[in-house]
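Here's a quick briefing on a ligand site and the sheet that goes with it. Have a look at the model first, then run through the points below.

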Amino acid sequence: MEKWRKLMQKSLTTVDQISKALDLPKEELAGLDKVFRIKVNPYYLSLIKKKGDPIYKQVIPDQAELKDCDLESDPLSEEKDSPVPSIVHRYPDRCLFLVSPDCASYCRFCTRKRKVGNPKKINLKFIQQGIKYIADHPEIRDVIISGGDPLMLSDKQIENILSSLRKIPHIQILRIGSRVPCFLPQRVTTKLVRVLKKYHPLYINVHFNHPDELTPEAVKALGRLADAGIPLGNQTVLLKGVNDNPEVMKRLMQKLLQARVRPYYIYQADMVFGTEHFRTRVEKGLEIIKALRGWTSGLAVPHFVIDAPGGGGKIPLLPEYVKSITDEEVVMRNYAGKEFHYRQAGSQSKPQSCVREILAEMLIGESDLTFN
Ligand SMILES: *Cc1c(COP(=O)(O)O)cnc(C)c1O
């Protein structure tokens with residue numbers, strides 16, 4: 001059996017196993033497997049340094065999950081944009097294709113709790129239907145393969161899905177959304193990468209939330225994917241007690257770039273039941289973007305977005321850099337808060353006659369400009 005499968009078999013999935021492994025009183029975890037299923041594989045478990053740290057919080061359930069069960073089970077109203085069970089088709093030219101119910105560990109803040117971990121909701125049986133839907137919709141040029149985590153499927157299953165999609169003439173690009181490089185880098189085998197690289201242009205968006213997740217193993221897995229020519233992006237969820245701190249986020253983005261991953265999105269946490277304790281105020285995300293833009297490489301600055309409740313899709317939010325815009329000029333502030341003026345095109349533009357003065361300023365004689 002492959003090494004990663006053996007690791008997965010040793011995952012903790014019950015309250016009893018968690019309380020034993022982390023030496024927690026059982027009462028502390030009572031009833032928590034009822035809200036959302038538990039899974040922590042031994043690799044990710046080994047990254048926990050102490051109770052309540054940013055790694056712990058992402059995968060170990062908390063009593064706070066029981067407090068807000070009146071929040072949504074489908075916060076992004078995906079069901080209403082779901083023509084068949086495996087497809088979410090919200091935007092004009094691209095769709096989500098949900099192919100795997102499993103993940104390498106379960107995030108406590110999962111936005112798709114209603115489906116993830118439940119093979120009745122995401123199932124290989126639905127895949128043919130999804131492929132048919134995509135083949136029947138020529139406006140779709142970009143398919144985002146997601147779940148659950150697509151890389152939890154076998155190499156063969158992944159190959160079947162990718163090759164079926166590649167046969168559809170209107171599909172220009174394929175994307176995989178996966179937390180495997182973070183949760184279980186051992187899954188990124190040379191064999192898997194050999195399969196993936198046959199289906200270019202293929203993009204992968206990974207999911208890292210904290211700089212401590214970029215271990216040597218994870219960096220190696222990312223390097224293998226990058227070496228296979230797969231452009232890598234990262235999606236981070238803004239989470240209280242995990243990464244709601246500009247310094248932590250800056251370190252995360254810089255470490256991602258060193259691993260050849262381009263930060264893509266920071267998501268405001270969705271309003272899913274059992275996750276109120278993870279939500280931050282929206283100003284926190286703006287503060288983080290402000291602390292990145294200009295202060296570090298532009299490549300390290302992702303878009304901060306809120307996926308709008310009710311199915312509005314992702315909406316970008318930016319700190320206020322523009323102070324005013326008139327017909328004459330734009331007044332704006334730079335990253336350090338200093339004010340600058342930019343004259344609008346067409347306003348008080350310098351008359352033609354001053355060309356001569358400009359040339360004089362530049363110390364160029366007219367004779368220098370003629371051909372002889
Ligand atoms: C996020 C998402 C996409 C992809 O959005 P991009 O901005 O193109 O990355 C597509 N469909 C749905 C339903 C999504 O939630």
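**Ligand site and sheet**

Keep in mind that this is a predicted model.

**Where the ligand sits**
- The ligand is found in the largest pocket.
- Around the ligand you'll find Val-88, Arg-90, Tyr-91, Arg-94, Leu-96, Ile-144, Arg-175, Tyr-264, Tyr-265 and Lys-314.
- By class, that shell splits into six nonpolar residues, four charged ones and no polar ones.

**Other contacts to ligand oxygen**
- Arg-94 has a polar side-chain atom 2.6 Å from an oxygen atom of the ligand.
- For Lys-314, an N or O atom of the side chain lies 3.0 Å from an oxygen atom of the ligand.

**How the sheet comes in**
- Strands S2 (94–100) and S7 (261–268) each give at least two residues to the shell around the ligand.
- The sheet is open, has nine strands with mixed pairing, and runs in the order S1-S2-S3-S4-S5-S6-S7-S8-S9.
- S1 (87–88) and S9 (313–316) are the edge strands, each with a single partner strand, so one side of each has no neighbour in the sheet.
- Six bridges link S2 and S3 (residues 142–147), which pair in the parallel sense.

Definitions and conventions: Residues numbered from 1 in each chain as written. Predicted model: local features only at pLDDT ≥ 70, side-chain atom pairs only at ≥ 80, totals over all residues. Heavy atoms only, no water. Near = heavy atom within 4 Å. Polar contact = N/O pair within 3.5 Å; in protein donor to acceptor, adjacent residues only side chain to side chain. 1 Å grid on protein atoms, 1.4 Å probe; cavity = no way out; pocket = protein on both sides within 12 Å on 5 of 7 lines; lining within 4 Å. Sits in = over half its atoms within 2 Å of the grid points. Helix = DSSP H or I, 4+ residues; strand = E, 2+ residues; numbered from the N terminus. Nonpolar A, V, L, I, M, F, W, Y, C, P; charged D, E, K, R; others polar. Pairing = 2+ DSSP bridges.
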